[in-house]
Amino acid sequence: MTIRIENLSVTFDDFQALKSVSVTVGKGESFGLVGESGSGKSTLLRAVAGLATVSAGTIEVNGEALSGSRRSRAFRRAVQMVFQDPYASLHPRQTVDRQLLEPLAIHGIGDGERRILKALDEVGLGSSFRFRYPHQLSGGQRQRVAIARALIVEPEILLLDEPTSALDASVQAEVLNLLEEVRGRHGLTYVMVSHDLGVVTHMCGRLAVMKSGEVVETLAATDLAGGRMVSDYTRRLMVASKGFTRETEPG
Amino acid sequence: MKPLLTVSNLSVTYPTRTGVVEAVRGLSFELGRERLGIVGESGSGKSQTGRAIMGLTPPPGIVRADALSFSGVDLLAATPSTWRDMRGSRMAMILQDPKFSLNPVMTIGRQITETLRQHETISKGEARRRALEMLKAVQIEDPERVFALYPHEVSGGMGQRAMIAMMLVCGPELLIADEPTSALDVTVQLEVLGILDRLVRDKGMGLIFISHDLRLVSSFCDRVLVMYAGRIVEELATADLAGAKHPYTRGLLDCTPKIGESRHPLPVLERQKEWAA
């Protein structure tokens, strides 16, 4: 088991963002977290990364029990995160080259030149993007840089927090394809947060539906697509994601 | 029947240091009392179109058109005072995020009554009564309570309902909704659309629904204009969506992952230069 989360609770002041959540994600699996805003899906992801303070419960990654917000260097190399907004997650005054060099420097990995070129090539950007600043890139290109930055330390697990919801539909397709391709090539484990059921069922084998800090239901993507869900809430989400249906005209 | 809104050869341009940016290029359409969708990706000019119709193109933008008229009023020649009379009472606009489009230091009730008292000579009590009635019409359960709340005290869905109430309280003939539900959760999104749909139908308004979501728009509107690089590339009755011909429209429809489909990798939109020509 790669990630095992048991009875995890996260509290912000007097607000319980996560209420005793248990989730396990196997090695090489792509796991989705779905829910509406405030459901705790991002908080769960952030708790794994050590970005949210855990008040109760345990998180175990690759057999290593994690406590508080401290993470070992091995963890930081094995687990990388990609955030929602590519406009906010890159340093505005650093070139792509400098941003990709940073994780290498932190982990004391040499051979920067070759790795940077390889990482850029892997996300389909090419070396001409190496010395550009984020404002010279489109949203999709920035998200590619963010993915390259995550991949450059050769992680095993990627935590993806709404990686495509700030992008146009056509760009979203490109980035989703890239993520799938990269996962296939390196055998990565994905935990992906999204509010879009279409995206999650496309990308993930299993998913957990969350609502007000609790897991409502964990099911296989094929079961969701086939309408084999247990909870009413999941069904409601499913209906809502199909688009607007007009109530019949009165009279 | 005379159309409610006539747009002929509309262009919106922005002079910049590196040359003129053409946000909207030669757009023409007519709108009756119907639901029209305008769909496109970021930078397609869909929002700029909506803003130009409302006279809200920010400087240094320049709006040009052969004709831009709204129920007999020539919008190109409108003076600031004509605009003030029209906006809010005869034409109204709903923006994406209630967090930014409501006044944060005014209660919701005061913002609604302000609209009313700006356009009609009515007493305070009457304005309050109408505002409460309108809040009820957007399915707010406890209108008295929400009337006294500030925007930060309500949820996104509630804020957007208040926004709709404010925009419709004077009974406009034209409503422009620019991504009215993109900031909302899916289940709330449908409730808000349901309310909007009912009000538009009951009041017989013309609606322009601007969105990036082709599927959502087509489930809501009668007719859709698909925009690319400032132009209309295709116009469709929503019933014919499946028969879309333009490769861009087809590409937009194909590239979103849908539940219950397995397409790996997803088809990607190959942009052609001639689409923008």
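1. Strand S3 of chain B, residues 35-39, is largely enclosed by the rest of the structure, because five of its five residues are buried. The model is a predicted one, and this description should be read accordingly.

2. The side chains of S3(B) are divided between two directions. Arg35(B), Gly37(B) and Val39(B) point one way, Leu36(B) and Ile38(B) point the other way, and all are buried. In general, side chains in a regular strand alternate between the two faces of the sheet.

3. Two strand partners of S3(B) may be noted. Strand S9 of chain B, residues 206-211, pairs with S3(B) in the parallel sense over five bridges; within S9(B), Leu207(B) is the bridge partner of Arg35(B). Strand S10 of chain B, residues 223-228, likewise pairs with S3(B) in the parallel sense, over four bridges, and Val226(B) of S10(B) stands opposite Val39(B).

4. As regards the interface, 27 residues of chain B are in contact with 27 residues of chain A. On the chain B side, helices H8 (186-203), H9 (214-220) and H10 (247-255) each supply at least two residues. H8(B) gives the most to that side, with six residues. By residue class, the side of chain B that touches chain A comprises 13 nonpolar, nine polar and five charged residues.

5. On confidence, chain B has a mean pLDDT of 91, and 100% of its residues reach 70 or more. For the complex, the predictor gives an ipTM of 0.81 and a pTM of 0.87. Where pLDDT is low, predicted coordinates should not be read in detail.

How values were computed. Residues numbered from 1 in each chain as written. Chains lettered and ligands numbered in written order. Predicted model: local features only at pLDDT ≥ 70, side-chain atom pairs only at ≥ 80, totals over all residues. Contact = placed C-beta atoms within 7 Å. Nonpolar A, V, L, I, M, F, W, Y, C, P; charged D, E, K, R; others polar. pLDDT = per-residue confidence, 0-100. Buried ≥ 20, exposed ≤ 12 C-beta atoms within 10 Å, placed from the backbone. Pairing = 2+ DSSP bridges.
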